Amino acid sequence: MYDLYIVKRTQIYLDDRQDDDLARRAAAEGLTKSALIRRAVDAYLDNDGDDELRLARFRTAVDAVAGVAPDLPQGSLYVERLRALDVGRQEEIELRRRA
């Protein structure tokens, strides 16, 4: 049974080597050259290796979460408080160990 889907016709130019290699690969996989080209285009478009795209996605994610926890103190103050708590806990551990 054939999968029916709508495709848009386009034209590309390949050199002789590319066309020969594409024809051999398509025959080896039992596909048409068009199907193999569509698969290659999908793989290229789905690739996250594009630094600009990855940066844009990161910025979008940061913008989406910015201001989500407005009740938290400023970063440096938050870290200082955590460190002070760690010092207090370490002192308690030392007192218990010595006792």
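Visitor: Which residue does the side chain of arginine 97 meet in a salt bridge?

Guide: In this predicted model, the N to O distance of that pair is 2.8 Å. Both residues lie in helix H4, three residues apart, about one turn of the helix. Arginine 97 counts as exposed at 59% relative accessibility. Its partner is glutamate 94.

Visitor: Is aspartate 21, the salt-bridge partner of arginine 24, exposed or partly exposed?

Guide: The closest N and O atoms of arginine 24 and aspartate 21 are 2.5 Å apart. The two residues are three apart in helix H1, so about one helical turn separates them. Exposed means over 50% relative accessible area, and buried means under 20%. At 32%, aspartate 21 therefore counts as partly exposed.

Visitor: How far apart are the end C-alpha atoms of helix H3?

Guide: Helix H3 covers residues 51-65, which is 15 residues. At 1.5 Å a residue, H3 should span 21 Å. The distance in the model agrees with this: 21 Å.

Visitor: How many of the 15 residues of H3 are buried?

Guide: A residue is buried when its relative accessible area is under 20%. H3 lies largely in the open, because the number of its residues that are buried is zero.

Visitor: Where in the protein chain is confidence highest, and where lowest?

Guide: The chain averages a pLDDT of 86, and 94% of the residues score at least 70. Confidence is lowest in H3, at a mean of 86. It is highest, at 95, in helix H1.

Definitions and conventions:
Residues are numbered from 1 along each chain as its sequence is written. This is a predicted model: local features need pLDDT of at least 70, side-chain atom pairs count only at pLDDT 80 or more; totals for chains, interfaces and linings use all residues. Side-chain values use heavy atoms; hydrogens and water are left out. Helices (H or I, at least four residues) and strands (E, at least two) are DSSP runs, numbered from the N terminus. The expected span of a helix is 1.5 Å times one less than its number of residues. Buried means under 20% relative accessible area, exposed over 50%, partly exposed in between (1.4 Å probe, protein chains only). pLDDT is the predictor's confidence in each residue, from 0 to 100. A salt bridge is a side-chain nitrogen of Lys or Arg within 4 Å of a carboxyl oxygen of Asp or Glu.
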